[in-house]
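Open the model in your viewer and keep the selection panel at hand. The tour makes two stops.

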Amino acid sequence: MKSVLPLVVSDFEVIPVKLNFRLSVKHSLASRDYTNNVVVRAASSSGVLGYGEGVPRKYVTGESVESVLAFLTTFTGNFRNTAFDSPVDLIAHLETLEKLPEVQANHSAFAAFELAMLDLAGHHWGLTLSALAGCEQCLKQLVYSLVVPLLPVEACKVMLRQAADYTFPHVKVKISGDQHVERVRFVREMLGDSAEIRVDANGALNQATGEKIVAELRELGVVAIEQPYSAEALEDTARLKKLGLMDIVLDEGATSLESAVRAIEAGACDIVNVRVSKCGGFLASLRLIDAVLKKGCAVQLGAQVGESSILSAAGAQLASTGVAFRWLEGCFGRHLLDADLSERPLAFGPGGLVNVPTGQGLGITVSPGALSEAGSAY
């Protein structure tokens with residue numbers, strides 16, 4: 001449905017979901033074989049629907065499913081029967097909401113709300129998510145990285161044998177601070193010499209041994225390390241960066257525009273990992289990217305482990321705007337999930353290639369049956 005009339009938002013439904021994984025996923029901060037996400041379904045007075053998703057993680061933004069549900073149950077009630085005359089009107093309203101203290105404290109919750117509103121508006125006015133945000137969708141196909149979690153040896157072998165056929169150009173390997181050399185060598189042996197390798201410590205290293213570990217990884221050809229130390233250890237991270245051994249990426253240490261700028265000014269990173277749910281939505285991610293690039297730092301597109309195609313589509317729309325992301329992550333779809341929420345899951349293919357959704361809003365079609373089943377499993 002496409003309209004030139006004002007968008008009247010009539011109702012919201014906040015749905016906690018459980019999505020099971022095909023394998024157990026682990027890194028130094030968490031281990032899980034399923035994920036609990038929160039989906040927001042927004043409806044217009046003309047019957048159009050829009051969907052958004054948030055993936056709360058205590059160790060990233062301090063949020064839980066319970067806190068997201070509590071926030072959204074109250075927050076969405078303020079927007080029932082609200083009218084927006086144009087996409088410009090809606091975007092301006094969302095940008096105003098982002099500045100509220102309660103929104104700043106609930107990034108993944110607001111991301112779910114914002115994406116639902118943008119998806120709804122895209123279907124109402126016949127625009128893609130990127131077009132709604134005033135961006136040109138200049139890329140139609142994207143190249144994603146493989147992410148290798150901390151798995152038992154045999155399970156990792158199975159995963160990498162399958163991944164080898166996809167010939168990913170770049171791979172991120174999770175490390176825990178021990179057996180890091182063995183893990184990287186193992187991945188290299190399984191995938192061959194052509195893939196560029198980076199690692200993600202999720203804050204597992206400490207200052208006493210971190211420099212030695214990074215030096216060893218450099219000798220193996222590793223090009224970057226993500227979140228080597230805890231989010232609070234900016235001084236230690238800055239000292240590591242000064243050594244110039246490899247690029248330093250911050251993720252948990254850069255959850256907002258303010259924290260990212262603080263880390264850059266402290267000399268603690270070369271690259272900031274931008275995740276839509278972590279950063280508070282699509283629009284906030286765009287502003288964060290702009291600020292980071294202006295500070296002379298680079299960006300990569302990250303993803304929440306266990307996100308459905310709803311969030312993956314938002315990431316792909318973000319990447320389609322032509323931002324010079326160093327790497328792209330996400331779009332695992334059914335490679336990781338037993339069941340996705342989209343009728344046609346968004347997932348990388350050979351070479352890590354993903355076709356950008358070109359439909360209205362997020363560009364995907366959420367399956368009511370799959371959403372109901374995932375909601376019942378929560």
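**Stop one: the cavity**

The largest cavity holds about 80 Å³ of space. This is a predicted model, where local features need pLDDT of at least 70, side-chain atom pairs count only at pLDDT 80 or more, and totals for chains, interfaces and linings use all residues. Residues are numbered from 1 along each chain as its sequence is written, and side-chain values use heavy atoms, with hydrogens and water left out.

A cavity here is a set of points on a 1 Å grid over the protein atoms alone where a 1.4 Å probe fits but cannot get out; lining residues have an atom within 4 Å of a point. Points are joined across faces, edges and corners, and the volume is the space filled by probe spheres set on them. One cavity of 30 Å³ or more is counted.

Select Gly302, Ala303, Glu307, Leu311 and Gly315: of the 16 lining residues, these lie nearest the centre of the largest cavity. Next, colour helices H12 (276-279) and H14 (309-319), the elements that give two or more residues to that lining. Helices are DSSP runs (H or I, at least four residues), numbered from the N terminus. H14 gives the largest share, four residues.

**Stop two: a helix pair**

Move to H3 (residues 87-98) and H5 (residues 107-125): their axes come within 11 Å and cross at roughly 175°. Axes are lines fitted to C-alpha atoms over the stretch in contact, with angles from 0 to 180 degrees between N-to-C directions. H3 is therefore roughly antiparallel to H5 (over 145 degrees).

Show side chains at the contact (heavy atoms within 4.5 Å). Among them are Leu90 and Leu94 of H3, and Phe113 and Met117 of H5.

Technical notes:
1 Å grid on protein atoms, 1.4 Å probe; cavity = no way out; pocket = protein on both sides within 12 Å on 5 of 7 lines; lining within 4 Å. Parallel < 35°, antiparallel > 145°, perpendicular 65-115°, else oblique.
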